[in-house]
Amino acid sequence: MHQPFDLEADQVPTHWYNVLADLPFELPAPRSAPRVNGERKTLNPQLPLSMYRPSIGRDRFIEIPEPVRAEYRRWRPTPLYRATRLEKELDTPAHIYFKYEGTSPSGSHKINTALAQAYYYARSGAREMVTGTGAGQWGTALSMACHPYGMACTVFMVRSSYRQKPYRGTLMRLNGARVIESPSTETEVGRAALHADPDSPGSLGIANAEAIEYAAAREGARFSIGSGENHVLLHQTVIGEEALLQMRLAGEFPDVVIGAMGAGSNFAGITFPFYRAAREENAATRFLAVEPDACPKMTRGRYLMDHTDYSGVTPMVKMYTLGHTFTAYHIHAGGLRYHGAAPIVSAMYDKGLMEATSYGQSRVFECGAAFARAEGLVPAPESAHAVTAAMDEALKAREERAERVILFSLSGHGLLDLSAYESHLAGNTVDVVPTDEQIQASLRPLIDSP
Amino acid sequence: MIGVLELGVDRDRLDETTSLYSPMVGLDSLSLLHILVQVEKRFDIEIDDEDVMAAELSDVGSLVAMIRRVVDAKGADE
């Protein structure tokens, strides 16, 4: 099966890597949020300043606070494997490596930033963290991260996922979180959504809007998010920093580094440290983001100023986007349905430093299943996108008879997504691709605005 | 203070009672953090998370008062 390249316990990174230090350009400045509520009297920053500060600076390495590093040591360093059986089955001269984040307590990479955020929020005096979650990976991670710091955790979970994946809710409640099906009757946003459609399946935009409203009304509560913000990407670089050391153990340097692309934290986590190393070593390494055909923000979106939330109340940032009102078909990889790409990843893609591709979910599940059989690990539907691109790169290497070193991030396990694999085995997986008209409809207001 | 805050507005039109939410100042919670980082650089100080969390930031005066407290505290330490 797979060949491991293990690090020692004390090789958990001491620093996060800030890619802003190595970008030969400035990121476009955000644009202020619209004034939506004249009644609001006080301005409550939701992010702790000490967490925000390094995420906009140019210091190359940011020291990981020791309490966070101590938490990381509970399961990090995560393994890096060479997928030797998969290589054999594909009959490829390529070497396929993967960094496996599924060994974390929450089963995915999300907890890398959840623990860091919980540390900073607790230190700033917060007593409760509130968030929205779609497929449930982020909510699970945050519920586990709040507990060590004695904070309460409230999670608004998108109704369709809440019902499709009941074990996700169980896992969060087991960790002490209060899990609320969204849309809910607890907030104005939720009540309005239910009034408009009592059967609303919910969306991450609504769930986050509910979480923001709920947190604003509670003393000591703060809203938290784990998708494409600079600080989230920063925390995830522990993945790539470890993988760099492990690839050195393997005696190879990747020709291509691949990650599934939701908002970009997993992709950034595996690629950014290799971006730095490739620059230092003058290596022509490619960085490939893999998104679903159903939500093609990079391959078919536009680089525009847009809101990060559905309701349009957040500041605007420049990013590859399908428009904040774009609602992707409900694919199994719920974590990849976000409408925009992280501002840093977007800027790097715009400058040609990153590449992107997309796949339909039936192909993704075929490859995910093939990987599971070969390597004995079931990829989360999101991670199976990276598996698919890695397999395609390996097949291309076979055609070209070229030796190629491929590294991808297996960002989480799919053991709570077996219903999706069951659907695949039964031949019920459908591919839905948005039309140009649908994409144009949600982009038009952004293109038309000054 | 207007210069420090990089608000780009006319000094005469701004006083301590101007709401941070007013269209003239136009802050949101993220741009407030951005401004606090600029203030830290300008005065070579580090503002504690607790100070930001505890401050009832509603108008320009309350923001100036919070920054003054931190700057004065640093001066007292030196």
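User: Where in chain A is A:His413 placed?
Analyst: In this predicted model, local features need pLDDT of at least 70, side-chain atom pairs count only at pLDDT 80 or more, and totals for chains, interfaces and linings use all residues. Residues are numbered from 1 along each chain as its sequence is written, chains are lettered from A and ligands numbered from 1 in the order in which they are written, and side-chain values use heavy atoms, with hydrogens and water left out. With helices (H or I, at least four residues) and strands (E, at least two) taken as DSSP runs numbered from the N terminus, A:His413 lies in the loop between β15 (405-410) and α15 (418-425) of chain A.

User: Does A:His413 count as buried or exposed, and why?
Analyst: Buried means under 20% relative accessible area, exposed over 50%, and partly exposed in between (1.4 Å probe, protein chains only). Because its relative accessibility is 16%, A:His413 counts as buried.

User: Which backbone nitrogen does the side chain of A:His413 reach?
Analyst: Contact means heavy atoms within 4.5 Å, and, leaving aside neighbours within four places in sequence, A:His413 is in contact with residues including A:Tyr100, A:Gln137 and A:Val378. Its side chain also reaches, at 3.0 Å, the backbone nitrogen of A:Leu415.

User: What area do domain 1 of chain A and domain 2 of chain A bury between them?
Analyst: The domain bounds, which come from an automatic or database domain assignment, divide chain A into domain 1 (73-107 + 229-448) and domain 2 (111-225). In this pairing, 25 residues of domain 1 of chain A are in contact with 22 residues of domain 2 of chain A. Buried area is the accessible area (1.4 Å probe) that two parts lose on being put together, summed over both, and for these domains, with 57% of it on carbon and sulfur atoms, the value is about 1,900 Å².

User: Which side chains of chain A meet in a salt bridge at 2.8 Å?
Analyst: A salt bridge is a side-chain nitrogen of Lys or Arg within 4 Å of a carboxyl oxygen of Asp or Glu. Across the interface of domain 1 of chain A and domain 2 of chain A the rule finds one salt bridge. The side chains that meet at 2.8 Å, N to O, are those of A:Asp417 and A:Lys165.

User: What pattern does chain B follow along the sequence?
Analyst: The secondary structure of chain B comes to four helices and zero strands, and buried residues make up 47% of its 78 residues. Read along the sequence, the pattern is α-α-α-α.

Methods:
Polar contact = N/O pair within 3.5 Å; in protein donor to acceptor, adjacent residues only side chain to side chain.
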